[in-house]
Amino acid sequence: MSNRRSEIQEDLAIIGMTCAACSARVERALAREPGVVKANVNLAAETARVVYDPSVVDLDRLIKVVEETGYGARKLVRDASSDRQRQEEKTAQARRDWFLFYIGAALSAPMVIGMIGELLGVHSLMFLMNPWVGFVLATPVVLVTGSRFYISAARTVAHFGANMDVLVALGTGAAYVLSVVNTITGTGPVYYEAAAVVITLVLLGKNLEHLAKGRASEAIRKLAALTPKTAMVVRDGGEVMVPIEDVQVGDVVVVRPGERVPVDGEIVQGYTSIDESMLTGESIPVDKQAGDVVTGGTVNQHGMFHMRASRVGADTALAQIIRMVEEAQGSKAPIQRLADVISAYFVPTVIVIAIVTFVGWKLSGATTAAALMNATAVLVIACPCALGLATPTGIMVATGRGAELGVLIRGGEHLERLGKVNAVVLDKTGTITEGKPALVDWVVAPGVDADERGRLLALAASAERASEHPLGRAIVEVAEAEGMEVPLPDDFRAVPGKGVIATIGGAEVAVGSYRLMRSAGDERPEESHQAEQPDRAAPSEELPGWARQAVDTMQSRGQTAVVQWVDGSVAAVYGIADRIRPDSPQAIAELGRIGVAVYMITGDNAATANAIAAQVGIPPEHVLAEVLPDGKAEEVKTLQRAGMVVAMTGDGVNDAPALATADVGVAMGTGTDIAMEAADITIVGGLTRLPRAIRLSRRTLQVIKQNLFWAFIYNTVGIPLAAFGIMPPVYAGAAMALSSVSVVTNSLRLRRFERS
């Protein structure tokens with residue numbers, strides 16, 4: 001809850017929404033209530049965010065408004081207990097829905113087999129077309145499996161609304177009731193298979209949709225899990241473990257190696273290296289000392305330190321990131337599926353046409369039975385089988401094919417939006433690059449032969465073996481990969497913030513900042529491994545010319561320069577950087593070929609960012625450098641305001657707000673669970689899957705448009721034929737089935753997408 005002047009913001013859990021028309025109706029009802037400033041309903045998360053004036057309306061009244069609209073509501077409480085209860089309720093409901101689907105599928109299958117047998121002239125299957133067999137099989141499907149559609153339709157109509165459930169209930173209900181009447185009277189055809197199969201297929205679509213939506217709030221829960229539950233606080237001269245909620249601004253907190261920083265604050269004692277990747281996305285830990293700021297949720301790599309809390313609770317950076325994700329998810333407009341929008345006008349129109357048909361035939365002298373038959377034909381032909389299957393079948397086939405191609409799509413709405421994307425924002429670390437430091441360049445002193453070159457690398461690796469710094473680890477990994485012996489040093493000393501000094505086989509070896517040897521005896525940290533970036537101070541004049549040139553060259557390429565001294569002389573310079581993924585240039589070039597503008601966003605400085613961009617083919621004007629998490633989301637909004645449909649691709653916790661803000665959030669499968677939960681689409685196996693995903697989406701949109709076109713043509717032509725008595729219910733049912741087959745067959749063509 002947050003205060004703004006006299007306004008209050010509350011989140012409600014909404015119960016019973018089934019489609020975009022439902023969420024739009026709840027949103028309109030809340031927005032019309034006096035005292036409500038703003039209402040935003042999120043169909044995927046099944047929540048409503050309401051900003052209101054408490055002097056005019058209260059929370060109980062808002063809940064009552066939702067209930068009067070035909071849905072349930074309760075205050076959304078985000079704590080472990082409430083979250084667990086909601087998950088248990090959703091899991092239980094999902095089990096019930098899938099169980100009902102299995103019942104419907106099992107009972108519908110014999111009727112479908114009988115219908116196929118009749119078409120093929122297989123006499124041994126004719127008994128399945130007996131009206132009483134159809135009655136026995138279809139009745140449980142309609143009354144049990146389909147009950148949710150009839151209940152929802154009744155509630156919707158009672159509140160003067162219309163949605164897909166109303167269409168399903170009207171069409172299947174008319175077919176079933178007419179079939180029962182004809183079965184009992186022994187006259188006329190029956191349409192049991194139409195009623196049962198439509199209900200079963202629509203329920204399958206609903207279940208798959210809910211399966212995709214159910215994980216929408218996982219990102220927020222996993223973000224919250226990054227905050228430690230307890231903190232070690234110095235009080236009354238001793239260290240006391242207290243719940244994180246009890247930490248107050250000004251408290252001195254003790255953080256040990258391997259622990260997460262509990263709150264935001266400033267180091268008052270100690271040296272350490274902090275993994276801030278959850279905040280910045282950058283893989284190289286940052287060296288910290290007294291006076292430096294640390295952020296709650298980041299990981300203390302090594303070294304114990306004391307910090308003074310400056311921001312706690314809802315004021316921490318992590319809490320703000322969580323709020324940003326919530327707001328970005330909540331601000332997305334509900335997916336207004338075309339069929340749902342049309343249904344608001346289509347259903348009343350069909351009912352009017354059916355009534356006019358009945359009255360018209362009666363006035364023309366027809367019998368009541370004949371008039372009712374033609375009116376029923378209108379309802380049967382209007383049953384939204386093709387209309388209801390047009391989008392879901394395309395989405396189902398496309399998402400299945402996407403999974404085979406390494407593209408995991410959370411829901412159909414995301415696949416639809418991906419096809420409209422014309423700008424992609426790529427996070428540098430972990431997306432364009434591999435996300436871990438590696439030795440990419442290596443320059444030795446003039447005159448050093450190959451054997452001595454190998455000896456220098458082995459000495460550097462031995463010195464760094466006792467260090468926990470990731471840059472040193474990169475050197476060790478190369479030496480070990482080349483089969484070198486990397487023994488522990490005879491003597492080892494880490495110079496905080498500068499590097500390491502070690503004695504190895506009688507040789508004194510130092511590895512680290514190029515200012516290390518100048519002040520090796522001074523324990524005051526001045527530089528750090530991380531500090532050696534292209535935009536920092538020029539190299540020390542104490543370095544020989546070849547070493548200064550090597551440092552300058554490496555930094556111009558976006559590398560971190562690490563210098564090695566042996567017995568007081570500069571022996572080698574190592575360039576360490578986050579290596580570019582081999583497939584990044586190809587993927588970026590392919591995105592350009594399909595008309596998508598590519599941007600790179602990073603927390604790195606401009607020089608490093610431009611160096612990386614040049615290697616992968618991204619123009620300098622599309623490089624967004626030195627951008628923090630909140631800035632990433634804002635950069636996405638800037639592109640959106642310029643009229644672009646933006647896909648954001650990232651792999652870190654820091655990317656979560658931007659992923660949620662973008663029109664489509666795309667997570668790398670090698671990234672964090674939180675990034676994947678906040679994203680709409682996850683790509684596995686490399687960045688080249690991204691242009692493939694966009695092409696699949698565009699092809700899917702074409703198929704869906706074709707499906708909708710034929711579904712509408714079917715209704716446009718079929719309804720008048722039924723109303724004028726040209727198409728009796730038996731043919732209307734056949735036409736309905738044919739339209740469904742055509743839609744499904746068209747969608748199945750997506751299975752051949754990019755098959756060799």
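Biologist: What counts as a salt bridge here?
Modeller: A side-chain nitrogen of Lys or Arg within 4 Å of a carboxyl oxygen of Asp or Glu. This is a predicted model, where local features need pLDDT of at least 70 and side-chain atom pairs count only at pLDDT 80 or more, while totals for chains, interfaces and linings use all residues. Residues are numbered from 1 along each chain as its sequence is written, and side-chain values use heavy atoms, with hydrogens and water left out.

Biologist: How many salt bridges does the structure hold?
Modeller: There are 13.

Biologist: Which residue does D11 pair with?
Modeller: D11 pairs with R49, and their closest N and O atoms are 2.9 Å apart. D11 sits in strand β2 (residues 7–15) and R49 in strand β4 (residues 47–52), so the bridge ties together parts 38 residues apart in sequence. Strands are DSSP runs of E with at least two residues, helices are runs of H or I with at least four, and both are numbered from the N terminus.

Biologist: Are D11 and R49 buried or exposed?
Modeller: Both D11 and R49 are buried. Buried means under 20% relative accessible area, exposed means over 50%, and partly exposed is in between (1.4 Å probe, protein chains only).

Biologist: And R311, what does it bridge to?
Modeller: To D264, with the closest N and O atoms 3.0 Å apart. R311 is in strand β14 (residues 305–311) and D264 in strand β9 (residues 264–269), 47 residues apart. R311 is partly exposed because its relative accessibility is 35%, whereas D264 has 2% and therefore counts as buried.

Biologist: Switching to the surface. Which residues form the nonpolar patch?
Modeller: I116, L119, L120 and V122, with about 410 Å² of accessible area together. Patch residues have over 30% relative accessible area and no salt bridge; nonpolar side chains (Val, Leu, Ile, Met, Phe, Trp, Tyr) are joined within 5 Å, like charges within 9 Å. Accessible areas come from the Shrake-Rupley method with a 1.4 Å probe, and for residues only the protein chains shown count as cover.

Biologist: Where does L120 lie?
Modeller: In helix α3 (residues 80–120). L120 counts as exposed because its relative accessibility is 65%.
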